[in-house]
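I opened my notebook to look up a handful of features, one entry at a time. Here is the structure I worked from.

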Amino acid sequence: MRAILLALGLLACVATAQDGQLPKIAPAPAIERLLASAHLSESERHAIRLRHGLIDVSELTSPGERAVLALQRGAIDDPSLRDPATRVLLRARAMVLRGELREALDLLGEDASIEALSLRADALAGLGRFDDADRVLDELVERLARERIEDADTLAEGVRGLMLRERLGGTRRAAGEDDDRIRQGVRADYQTMSGLLARARDELDRLSWRARLVESELLFDKDNRSEAIQASLEALSLNAGLSQAWFLLGNHFVDSFDFDRALQAADRLDALARSLGSDEPSWQGELIRARERLRQNDPARAAQILDGLLERFPRLRPAVALRAASAMASFDEDEARRWLDRYDELSPGAPEALLAVGVQLSEDRQYEQAAQYLRRAHERLRTWARPVIELGLLEVQSGRDGAARDALLIATRLDPFNVRAANSLKLIDELLTYRTIESDHFVIRFRDGIDEVLAREMPTVLERIHDRVAGPSGIDHEPAQKTVIELMPDHRWFSVRITGMKGVHTMAAATGPVIAMEAPREGPNHLVGEYDWARVLQHEYTHTVTLSRTRNRIPHWFTEAAAVYLEDAPRSWDWCVLLAEKFRSDELFDLEEINVRFVRPIEPTDRTQAYAQGHWMYEFIVDRFGARAPLELMDQYARGVGEAQAMRTVLGISGEQFMKDFLDYARDDLRRWGMLRPEGYPSIHELRRESFARDDTDGDVPAEEMRRWLEAYPDHPDVLAVLCAPLLAENAGPLDDEGVALLEALARARPVDPAPRRRLVRHFLDLGQDERAIEHLEWLDAREEHSPAYSVRLARIYARLKDYERAHAKSERATTIAPYDAKLRELAAQMALLAGRRDDAQRHIEALIMLEPDREIHKKRLEALQRRGG
């Protein structure tokens with residue numbers, strides 16, 4: 001059973017890759033010193049090299065030695081592991097790994113060694129014979145208590161048995177239903193296992209890779225990510241060919257969305273298995289690849305990988321369980337049930353396949369259905385914490401706090417040392433202390449204190465967002481339940497809230513019914529600082545609505561594209577530059593690549609390109625096929641129709657034709673943006689060559705010559721950019737009328753470029769020509785996400801012009817970006833009064849009282865305002 005769980009990746013955890021490469025493993029210096037010892041005989045040196053995986057296959061002297069190396073390297077179908085000359089325990093272990101559990105039990109017979117007892121219990125549990133496994137483990141516990149084991153590897157195998165006993169509930173069985181006794185027993189079990197491993201590692205044999213490997217398995221089981229990785233790396237430093245250690249790390253990389261390193265680990269496993277002469281890929285590597293494909297929303301490819309693996313190992317239970325999960329990910333419930341039935345034939349009453357399906361459904365945000373499978377898994381083995389941990393995490397993401405707390409209390413009762421369960425329970429307990437504000441479509445949760453300033457302002461803005469996003473001009477769909485907005489006080493709590501969620505998150509993330517966001521303010525433990533929270537929530541709420549309309553069945557690029565489109569914000573200059581570069585170099589993504597690059601970027605710009613290009617493609621669909629076309633595609637996805645067929649049905653074209661037509665659309669857009677020169681216009685290179693009548697075109701072009709170019713092509717964006725470059729330099733002097741005209745021409749010819757507008761704003765403000773700056777300030781403000789500076793400047797200009805409505809609107813935008821800034825609140829209150837908006841003025845003054853409770857002036861202003869109102 002332990003082997004099944006490890007193979008499913010259900011004991012792995014989440015972390016972040018740093019350099020994108022697998023760690024380089026060097027042999028521990030102690031091994032090198034040992035091998036260099038002059039006191040060793042050649043046979044002793046040979047045995048040490050075999051034990052630590054430093055031997056070449058050609059040096060092996062017997063089937064038994066080959067079997068040792070084959071097990072280390074994961075070559076479980078090597079002929080040596082079926083050779084009668086090979087030790088029984090080696091052959092039995094290979095049988096357990098291949099899923100030949102009854103044969104393993106027959107082979108082990110009455111062997112009562114620690115390793116044999118551990119293997120026998122694992123085989124019995126894998127067959128669903130939990131009571132029989134528990135009885136064997138009782139014998140193992142008695143042996144460990146009665147005997148003083150002096151061999152580190154034997155002690156480590158004993159701990160593997162204790163891990164299984166903890167899962168099967170031997171301690172809980174003895175404690176009955178007494179919660180305190182259960183916790184004490186589980187705590188004692190964990191402390192016993194940790195103590196035995198410490199003794200094996202630190203006292204009995206500092207070179208025992210098995211002790212560190214089992215420690216890694218135990219720590220991954222507890223979701224203790226950092227220490228588990230360290231233990232795996234220590235094991236590999238003692239034997240770099242340990243397939244099990246690479247397998248643990250590979251699953252860990254899959255869970256952390258670090259797919260490059262996951263696939264590198266799978267390749268490493270292939271190389272290890274093939275080092276003994278096989279042409280087949282590693283079974284562990286194939287399981288990693290299948291899980292990687294599932295996380296990349298490619299269940300069809302995952303199924304192909306698993307089908308090939310099952311041809312080789314038809315009783316490989318992890319492959320059967322993942323095969324059921326891949327069928328469910330393809331929305332083929334009948335096929336999923338067939339694979340679940342197959343698992344039950346192999347392991348009657350066992351929970352692993354149900355767990356795998358439940359985890360996959362949760363990953364796909366099919367929360368109700370996922371919860372049903374996880375509960376069924378828990379019912380089959382109520383002493384095992386893992387299904388109920390996953391259930392608790394699911395309920396956290398779905399926003400059902402009461403159900404989440406109930407599940408996590410059970411999980412921490414069964415396994416008080418599981419880090420994810422404990423942290424998630426702390427999160428729920430934290431959230432349960434939060435205050436709430438409700439509107440028609442939202443529940444806003446916030447920690448008591450300063451965050452009330454923002455929380456009180458959210459309902460009006462959120463309802464306006466709902467009307468836009470869920471209304472007929474948006475997704476035209478209303479979720480069945482209110483959406484919960486969780487305003488997390490800082491980045492630490494936000495990080496805890498989104499742990500394990502798919503995608504990349506900086507300040508906000510949507511799980512479907514829940515949107516978590518970090519409070520937009522500066523200060524310690526605030527990663528992003530101030531930001532336009534209304535725009536961010538409009539993006540995230542679009543995810544909530546599209547996921548609801550499609551039953552969480554939507555291509556990754558499409559849901560992100562819809563969310564960006566419905567931000568109702570202009571495209572950024574950086575995105576325009578990136579898209580133009582990728583178009584010119586023929587590096588725009590196709591429909592398969594764009595999904596992958598969101599979560600598996602190869603180049604540093606890949607993720608940004610995926611967002612920007614997806615938004616562009618969504619615009620193309622709306623412009624070419626109408627505003628209803630994206631919604632009809634969503635309805636196809638909701639019915640489980642794949643992207644290619646959905647496009648043919650709704651758009652009437654294939655994916656290939658879609659991309660061809662989109663490229664034509666993109667070229668026209670780039671010309672409108674001034675990022676490609678108009679058709680028929682020469683390039684700068686061609687103009688230079690024509691002017692100089694020679695191939696050497698690297699010299700400076702006289703200004704008079706460039707003006708002649710401009711006379712011939714007055715709206716040529718590249719010519720204007722060359723002419724304006726000196727005007728945009730940091731050390732450029734004041735502008736004259738010609739300079740202003742050139743910059744204004746560049747702004748018209750390349751209407752997405754902020755540089756000429758920034759320079760013109762500075763010029764007009766320096767001259768006191770505020771009105772001429774307004775157009776460019778508005779353009780810049782519409783694209784600003786993190787600074788209130790443009791809004792503040794516009795508010796003051798409009799106030800001087802006595803345009804108090806616009807002044808009020810701009811001061812409101814400033815406080816949306818920086819809601820905790822007291823100076824901006826004072827400005828907004830002033831502008832609201834000038835515009836006759838007494839309610840808004842009162843709201844800002846009340847915010848000031850919360851932001852600066854020691855300043856009595858705010859309370860006096862509020863009293864005066866209320867007296868005037870009365």
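I began with Cys-576 and asked: is Cys-576 buried or exposed? Cys-576 is buried, at a relative accessible area of 0%. I call a residue buried under 20% relative accessible area, exposed over 50% and partly exposed in between, using a 1.4 Å probe and protein chains only. Next I looked for disulfides, meaning pairs of cysteine sulfur atoms within 2.5 Å. A disulfide is a covalent bond between the sulfur atoms of two cysteines. I found 0 disulfides in the structure. Cys-724 is in no disulfide either. Cys-724 also counts as buried, with 0% relative accessibility.

**Ground rules.** I noted that this is a predicted model, where local features need pLDDT of at least 70 and side-chain atom pairs count only at pLDDT 80 or more, while totals for chains, interfaces and linings use all residues. Residues are numbered from 1 along each chain as its sequence is written, and side-chain values use heavy atoms, with hydrogens and water left out.

**Aromatic rings.** I paired rings of Phe, Tyr and Trp (its six-membered ring) if their centres lie within 6.5 Å; planes under 30 degrees apart are stacked, over 60 edge-to-face, and the rest tilted. How many aromatic pairs did that give? The count is 16. One of them joins Phe-620 and Phe-658 edge-to-face, with 5.3 Å between centres and 65° between planes. Phe-620 belongs to helix H32 (residues 606–625) and Phe-658 to helix H35 (residues 655–673), so this pair ties together parts that lie 38 residues apart in sequence. My helices (H or I, at least four residues) and strands (E, at least two) are DSSP runs, numbered from the N terminus. Both Phe-620 and Phe-658 are buried. They are also members of one aromatic cluster, together with Trp-616, Phe-625, Phe-662, Tyr-665 and Trp-673.

**Charges over rings.** Here I required NZ of Lys or CZ of Arg within 6 Å of the ring centre and within 35 degrees of the ring normal. The charged end of Arg-295 sits over the ring of Phe-257, 4.2 Å from its centre. Arg-783 lies over the face of Trp-779, 3.7 Å from the ring centre.

**Ser-216.** I found Ser-216 in helix H12 (residues 209–221). Its relative accessible area is 0%, so Ser-216 is buried. What does Ser-216 touch? Leaving out residues up to four places away in sequence, Ser-216 touches Ala-228, Ala-231, Ser-232 and Leu-248. Contact here means heavy atoms within 4.5 Å. I also checked Asp-415, which is 199 residues from Ser-216 in sequence and 17 Å away in space, C-alpha to C-alpha.

**Helix H37.** In H37 (residues 703–712), the buried residues are Glu-705, Met-706, Trp-709 and Leu-710. They span an arc of only 145° around the axis, which puts them on the same side of H37. I took that arc from the directions from the helix axis to the C-beta atoms. The buried residues pack against helix H36 (684–692), helix H38 (717–728) and helix H39 (737–749). The face turned away from the buried side carries exposed Glu-704 and Glu-711.

**Positive phi.** Asp-476 has phi near 55°. Asp-476 lies in the loop between helix H26 (458–470) and strand E3 (483–488), and is partly exposed at 33%. Lys-802 has a phi of about 60°. Lys-802 lies in the loop between helix H42 (789–800) and helix H43 (804–817), and counts as exposed at 60% relative accessibility.

**Strands.** I ended with strand E2 (residues 442–446), where 5 of 5 residues are buried. In a regular strand the side chains alternate between the two faces of the sheet. In E2, Phe-442, Ile-444 and Phe-446 point one way, and Val-443 and Arg-445 the other. I count two strands as paired if DSSP finds at least two bridges between them. Strand E1 (residues 435–438) pairs with E2 in the antiparallel sense over 4 bridges, and the two form a hairpin with 3 residues between them. Arg-435 has Phe-446 as its bridge partner in E2. E2 and E3 pair in the parallel sense over 5 bridges, where Val-443 stands opposite Val-484 in E3.
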